[in-house]
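Here's a quick tour for anyone seeing this one for the first time. Take a look at the sequence and the structure, then read on.

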Amino acid sequence: MSTSPVSPLEQQTEDALREQQHEQTHDRPIGLWRGAWRRLLRRKTGVVGLVIVGVLIIVAAFAPLIAPHDPTQDFLSEEGSTRRDPPCVHVFGCDPEKPQHILGLDGNGRDLFSRVVYGTRVSLSIGFITVTLAFVIGSALGAIAGFWGGLPDNSIMRVMDVILGFPALLLAIAIVAALGPGLRNTMLAIAVVSIPAYARVMRASVLSIKELEYVAASRALGAGRLRILWSRVVPNALTPLVVIGTLGIATAILDAAAFGFLGLGAQEPTAEWGSMLARERNQLFSAPHLVFFPGIAIMITVLGFNLLGDGLRDALDPSLAD
Amino acid sequence: MPQYIARRLLFAIPVLFGILVVTFMLARLIPGDPCKSILGEKATAAACEAFAENKGLNDPIPVQLGIYIRDVAGGDFGDSIRFSRPVSQILVERIPLTIELSLTALVLALLIGVPLGIISAMRHNSAADVGTMMFANIGVSMPVFWLGLMLIYVFAAQLGWLPPSGRLTAGVVSIPFYEAWGWTVQPDTFQFRVVEFISNHYLLNSVITGEWEVFRDGVKHLILPAVALSTIPMAIIARMTRSSLLDVLGRDYVRTARAKGARERRVVAKHALRNALLPVVTIVGLQMGALLSGAVLTETVFGLAGMGTMLFEAITARDFPIIQGFTVIVAAAYVVINLIVDVSYAYLDPRIRLE
């Protein structure tokens, strides 16, 4: 640790003082997001999460450059390659005669490393798309419920209660069963079951914000209801939703992998980690690498978003930090 | 207290009724013709008509609902469409395994998660604290099915310490306690279902009958799935215990206790812990849904014929009676668990009065 022992409390006071000085020396005060960004960078968990997520986004964006092969290319005809070949890295003493596949080959003779790399694209899209969907619908419903109250509030929130009454994964399975298996329906189902979380938090924020003085001031100035809701209330209610959204990406990726594992999610030949793992689970004893690596990829991705979410929570709401 | 519990259970009846109606409606909303799914795609119109008449599907929906509720009130959940067997019999066969599995997982999660949280809070920012929090972060990020497969690979395939799947080794048979005691129970009666339900908890049954061989075998088979299922709740419980205890340790009454000269152990055990455990109890109650979802995956990985796999199969095969039966049972379990959570609040914090 550092040479001068500093207690967490002193550290916090110091941070606060520094921010104050900063505000005094500069004309413009630090905005919420800029301040949050600085606090995020000061926390180890937040930084680790940020780095993991950043690397994953780069991997997803440049997958064709990083992956040595096409994820669907069949190597069974290649000399020296057999089905479910274990990892072979020449630098680590693998026979130079054998073709190099750093994570080995899968049951169809495809390069596992390339598939895992391309899987990043699938999983990140699943995370972002489902959360965007749930975020937009959920927070719109929550904002309407909180702002208008009365009948819209009651009818929306009772529906949310019904959704929350079922175990999330099982309800999502029921939705996919009704719509048919596949990646798109999986994303839809996961989005639907996560809507209530956003609706509830948005509603609670809106309820407390709409009573604040600046909203009253806006109303006194003659702003319309929609304008007040859209430009005065909603922007200030977004903070907790950003945290839930980040953690929600982690949950969505994990759930989508579970769907892939159960055979309801992504279908062949899509390189999705959960279904890759499920296809080879019966070969666990003879080819453990085919189960191990996709699982590690899921874990690192989920961990990254979880850490980032935790970091953001601490950064956006210092009162919650422990 | 008994009065309170009785009233809560009474209030649960309308809730369960509502859930019954909602599941009934939802099951009818799922697209697909039950006739085609049972008699096959080539069923003639006449055969389908007879089938619908026979199963009461031609009655108006409210009448069907009324009949269904009457039957459920009498303990009859109808017959499974796929297996043509009473749903209540299937419930009795499948639920005990899941109860044993999730209870073991929950106990493991509490026995390890709570002490880990306490140690982290007491030694805030120490290596133990950082290690525990790292474990907790990784724990909530791990796919249950992957962890299960890795446990099988290490402890069953490589080390050979534990069996990779199943509930009992082939050849080991759990003799129901009522048979061991020479009771004669009429099959397909309510009594039969009750004794079957009890004896299908293999661990419990083997303790009753004293078959320690079966007990040991059952425990061996239960360890890996229970560990896999317990990881996420364990991580969540450890985090919750830690942050809640950290919060309580900063309170005035804890400072007072320290100022009196009480030892740190005593301060934590007597003054802080009880208050810190309240949010943990809430979390444990909320984990039940997650445990059931996790059971679907864990049972699939370990080849266990429990409620999770049954429900998954029933949903994908559109076996309405089974889905409805399970949903009602799960909802009833929620009611009971919430009641237990509320009662334990009152036990942990005497300021909370149940009325």
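Leaving aside residues up to four places away in sequence, A:Tyr198 touches A:Ala134, A:Phe135, A:Gly138, A:Ser139, A:Gly142, A:Leu241 and A:Ile244. Touching here means that the C-beta atoms, placed from the backbone, lie within 7 Å. This is a predicted model, where local features need pLDDT of at least 70, side-chain atom pairs count only at pLDDT 80 or more, and totals for chains, interfaces and linings use all residues. Residues are numbered from 1 along each chain as its sequence is written, while chains are lettered from A and ligands numbered from 1 in the order in which they are written.

**The core**

- A:Tyr198 also turns up in the largest nonpolar core, which has 163 residues: along with A:Ala172, A:Ile173, A:Ile253, A:Ala258, B:Ile237 and B:Leu311, it touches the most other members.
- A nonpolar core is a set of buried Ala, Val, Leu, Ile, Met, Phe, Trp, Tyr and Cys residues joined through C-beta atoms within 7 Å.
- Buried means 20 or more other C-beta atoms within 10 Å of a residue's own; 12 or fewer makes it exposed, and anything in between is partly exposed.
- Which element gives the most to this core? That's helix 10 of chain A (residues 225–262), with 19 residues.

**The two chains**

- Chain A has 12 helices and 0 strands, where helices (H or I, at least four residues) and strands (E, at least two) are DSSP runs numbered from the N terminus.
- Of the 322 residues in chain A, 44% are buried.
- Take the contacts in chain A between residues at least 6 apart in sequence: 68% of them join residues at least 24 apart.
- Chain B comes to 15 helices and 0 strands, and its C-alpha atoms fill a box of roughly 85 × 55 × 45 Å along the principal axes.
- In chain B, 36% of the 355 residues are buried.
- For contacts in chain B between residues at least 6 apart in sequence, 73% join residues at least 24 apart.

**Where the chains meet**

- Chain A puts 29 residues into the contact and chain B puts in 27.
- On the chain A side, helix 7, helix 10 and helix 12 (289–316) each supply at least two residues, and the largest share, 8 residues, comes from helix 12.
- That side of chain A splits into 25 nonpolar, 2 polar and 2 charged residues. For these classes, Ala, Val, Leu, Ile, Met, Phe, Trp, Tyr, Cys and Pro are nonpolar, Asp, Glu, Lys and Arg are charged, and the others, Gly among them, are polar.

**Helix pairs**

- Axes are lines fitted to C-alpha atoms, for helices over the stretch in contact, and angles run from 0 to 180 degrees between N-to-C directions. Under 35 degrees is roughly parallel, over 145 roughly antiparallel, 65 to 115 roughly perpendicular, and the rest oblique.
- In this pair, A:Leu170, A:Ile173, A:Ala174 and A:Ala177 meet B:Leu311, B:Phe312, B:Ile315 and B:Thr316. By class, the residues are 7 nonpolar, 1 polar and no charged.
- Within chain B, helix 10 (residues 202–209) and helix 11 (residues 212–249) pack at about 160°, with axes 8 Å apart, which makes them roughly antiparallel.

- Most residues other than glycine have a negative phi, and most peptide bonds are trans.
- A cis peptide bond, with omega about 0°, joins A:Glu268 and A:Pro269. A:Pro269 sits in the loop between helix 10 and helix 11 (273–279) of chain A.
- B:Ser84 isn't a glycine, yet has a positive phi of about 50°. Is B:Ser84 buried or exposed? B:Ser84 is exposed, because 8 other C-beta atoms lie within 10 Å.
- B:Asn125, also not a glycine, has a positive phi of about 70°. You'll find B:Asn125 in the loop between helix 5 and helix 6 (127–141) of chain B.

Notes
Two residues are in contact if their C-beta atoms, placed from the backbone, lie within 7 Å.
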